[in-house]
Amino acid sequence: MNQIKIGRFIAECRKKANLTQVELSEKLGITDKAISKWERGISLPDTSIMLELCDILSISVNELLSGEKIDMENNNQKNEQLLLDMAKELEKKNKIIWTSMWGIMIVSMTALFSGIFVARFLIPEGVWQLITILALCVVFLIPCFYALKLEVSVGAYKCKNCGHEIVPTYTQALNAMHMGTTRYLKCPKCNKRTWCKKVLKK
């Protein structure tokens with residue numbers, strides 16, 4: 001989706017409806033700054049207000065997300081292209097999140113082992129050395145919890161038994177035994193616990 005194109009289209013439709021940014025924002029119950037961001041292509045309207053926005057501007061959601069008026073003949077083709085674009089965008093975001101998750105894990109593990117090495121050889125044996133190592137382990141857990149949150153937010157876990165794709169809650173994933181990104185989860189479809197491998201596509 002082209003945010004700049006969508007923004008220009010929103011501005012054009014708003015002007016055709018004889019509305020200022022302030023008037024449109026009042027109708028939608030949001031700030032005029034949000035409207036300004038849409039029209040400058042900085043952000044997109046939230047899905048919760050898209051239908052209301054389209055109703056006010058007398059356009060369809062498909063036209064809004066395409067950033068142009070669509071005649072009925074090209075409607076199906078535009079729908080297919082729009083779905084493809086949205087799928088590609090979701091896949092791209094998932095890959096960025098996935099890469100970020102591994103980056104956080106690698107950096108935090110490197111920092112942990114480096115810290116333990118320094119504590120082991122530069123701090124004399126005793127209470128302070130133990131406190132330092134324990135503190136490093138506690139600090140290491142913080143990015144681990146965040147990395148797990150990122151892991152759970154993308155894709156799904158595929159059941160080894162029936163192939164069903166499971167999207168667990170953060171708590172379920174946290175409590176599940178794991179080997180890397182493969183987790184021992186209960187499948188809601190076959191009702192069996194298996195080692196479920198992470199897949200990026202839902």
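Residues are numbered from 1 along each chain as its sequence is written. In this predicted model, local features need pLDDT of at least 70, side-chain atom pairs count only at pLDDT 80 or more, and totals for chains, interfaces and linings use all residues, while side-chain values rest on heavy atoms, with hydrogens and water left out.

Helices here are DSSP runs of H or I with at least four residues, and strands are runs of E with at least two, both numbered from the N terminus. At the N-terminal end, α1 is capped by Asn2, with a side-chain oxygen 3.1 Å from the backbone nitrogen of Ile4.

Several residues of α1 are buried, namely Ile6, Gly7, Phe9, Ile10, Ala11, Cys13 and Arg14. Buried means under 20% relative accessible area, exposed means over 50%, and partly exposed lies in between, using a 1.4 Å probe and protein chains only. An α-helix has 3.6 residues a turn, so residues three or four places apart point the same way. The cover over the buried residues of α1 includes α2 (21-28), α3 (32-39), α4 (47-57) and α5 (61-66).

Arg14 counts as buried because its relative accessibility is 8%. Its side chain joins that of Glu39 through a polar contact of 2.5 Å; such a contact is a pair of N or O atoms within 3.5 Å, where within protein one must be able to donate a hydrogen and the other to accept it, and residues adjacent in sequence count only if both atoms are side-chain atoms. Neighbours within four places in sequence aside, Arg14 is in contact (heavy atoms within 4.5 Å) with Leu19, Thr20, Gln21, Leu24, Glu39 and Leu57.

Attention now turns to the asparagines. Asn18 sits in the loop between α1 and α2 and has a positive phi near 55°, although the residue is not a glycine. With 67% relative accessibility, Asn18 counts as exposed. Asn191, in the loop between β4 (182-186) and β5 (193-199), likewise is not a glycine and has a positive phi of about 65°. Asn191 counts as exposed at 52% relative accessibility. Asn161 belongs to the loop between β1 (156-158) and β2 (165-166) and, at 42% relative accessibility, counts as partly exposed. Asn161 and Asn191 are 30 residues apart in sequence, with their C-alpha atoms 9.8 Å apart in space. Beyond its neighbours within four places in sequence, Asn161 is in contact with Cys190, Lys192 and Thr194.

Finally, the largest pocket has a volume of about 330 Å³. On a 1 Å grid over the protein atoms alone, a pocket is an open set of points where a 1.4 Å probe fits, with protein on both sides within 12 Å along at least five of seven lines, and lining residues have an atom within 4 Å of a point. Its volume is the space filled by probe spheres set on the points, which are joined across faces, edges and corners. The lining has 18 residues, and Met105, Cys144, Glu151, His178 and Arg183 lie nearest the centre. At least two lining residues each come from α6 (72-122), α7 (127-153) and α8 (170-175), with α7 giving the largest share, six residues. By class, the lining has 13 nonpolar, three polar and two charged residues; Ala, Val, Leu, Ile, Met, Phe, Trp, Tyr, Cys and Pro count as nonpolar, Asp, Glu, Lys and Arg as charged, and the others, Gly among them, as polar.
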